[in-house]
Amino acid sequence: MNLFESVKSAISNVLSNKMRSLLTMLGIIIGVGSVIIITSIGEGSTQSINAQFDSMGTGNLTVTLSSDVQIRDADQLTVADADLIETLEGVKYSSPVFSVSSMQVKLQNPKETRTSNITGINEQYMNIQSSTLLYGRYISANDVDMASKVVVIDNTSAEAIFGTAEERVIGSKISLKSWRGTNKYTVVGIIEDTNKEFSTMYGDNYPITVLMPITTAMRLANREYISQIAVTGEDPNTLDSLAALIKDSLSSAHNNQDKYYVQNIADFMDQITSVMGTVTIMISSIAGISLLVGGIGVMNIMLVTVTERTREIGIRKSIGAKNSDIRIQFIIEALIITAMGGFLGILAGWGGGIAVGKYMDINAVLNSQAILISVLISAVIGIVFGVYPANKAAMLDPIEALRYE
């Protein structure tokens, strides 16, 4: 029997027991589909995160205090440090950043509140973050100088507070409640939410984003030190040397040594991408265990098939079929089952990835490498788990096989 006839016969045998063949493929379908769903969501999440970092600017640096050294009050970062950094050669923008959390924002229903993330900034911060202004204006230098009670919020926060993110929100007031009481601030701008995926995912548990002049934020929290300094370099290719210059300048200004850490946003992005890739591979490997289970199912059904077709094998051997012919036919049958399961798994993974991505508000991205690996693994499973049943069929004694009832 030539190869074409073996394939034709194998397909005929597989289709003659459609339900059994489909149930046999189920483990392969689930395994391949799960791997593709996980990798497509992982790839989509990675691209989304990279896009958010790109919006922050690849030439950005973040200056903070080191976490592994003892810090004195004299070492704390101040607004003056941000002004100092702005004068350094190679610096394009510099903004002090002051973060306040756990304050409550009153929503459209006065009885409802939600936790906020308040960030105090200066007029250059929006250039550093490359934020998209939808309505109104950004924080201005005059706002900082006057410690004005004005804020900029993103469109998701506007929806939560006012029930709309339209231009009519500009000029409205929001109420921030802290241990010192409740203060009202005028909304002067609405920016686009760059964390839309996360805010959608967490819903009401996601904090309200509020940007205000840093002088206003520091007065609100009664603090004189800032959290960090955001910096944009003139040339993204010289950020390492600029980071060293910033550290030296701050150490000299504060009369200390190695108290400051300068993080390159691009390096942080690489770390996040690496972690996401590792997590995706780990979860995909766990999901891939079902491929092993599917392979065992293929071997089991092929052993049953050998038993059912014992008499047929005896007849074929008696009219001249070689052991290799029998072996090849059963291996081809196993390959066809796993190949069909792999194909259906790809379709299921593609559709499932899109569905899960829409639910999580993430653009699922099909990973061609994951598809190729899944197909290859399916083929290997078909061969490996088909060899034993095929050998058992090939080694049957024709006389005994003919006597089998």
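Here are some questions and answers on the chain as a whole and on a few of its residues.

User: How many helices and strands are there in the protein chain?

Analyst: Happy to start there, with the note that this is a predicted model. Counting both kinds of element in the protein chain gives 15 helices and 10 strands.

User: What share of the contacts in the protein chain with a separation of 6 or more is between residues 24 or more positions apart?

Analyst: A contact here means heavy atoms within 4.5 Å. Among contacts with a separation of 6 or more, the share from residues 24 or more positions apart is 79%.

User: Is Ser157 buried or exposed?

Analyst: Ser157 sits in helix α6, which covers residues 155–162. Buried means under 20% relative accessible area. Ser157 has 3% relative accessibility, so Ser157 counts as buried.

User: Which residues is Ser157 in contact with, leaving aside its neighbours within four places in sequence?

Analyst: Good follow-up for a residue of helix α6. Once those sequence neighbours are set aside, the contacts of Ser157 are with Ile208 and Thr209.

User: Why does Glu86 count as partly exposed?

Analyst: Glu86 belongs to helix α3, residues 79–86. Partly exposed is the range between the buried limit of 20% and the exposed limit of 50%. Glu86 falls in that range because its relative accessibility is 35%.

User: Which residues gather with Glu86 in a patch of negative charge on the surface?

Analyst: Patch members need over 30% relative accessible area, and Glu86 is at 35%. Gathered with Glu86 in this negative surface patch are Asp83, Glu123 and Asp145.

Technical notes:
Residues numbered from 1 in each chain as written. Predicted model: local features only at pLDDT ≥ 70, side-chain atom pairs only at ≥ 80, totals over all residues. Heavy atoms only, no water. Helix = DSSP H or I, 4+ residues; strand = E, 2+ residues; numbered from the N terminus. Buried < 20%, exposed > 50% of the residue type's maximum accessible area, 1.4 Å probe, protein only. Patch = residues over 30% accessible without salt bridge, like charges linked within 9 Å, V, L, I, M, F, W, Y side chains within 5 Å. Areas by Shrake-Rupley, 256 points an atom, 1.4 Å probe, with all protein chains shown as cover. Salt bridge = Lys/Arg side-chain N within 4 Å of Asp/Glu carboxyl O. Lys, Arg positive; Asp, Glu negative; His and termini not counted. Charge placed at Lys NZ, Arg CZ, Asp CG, Glu CD.
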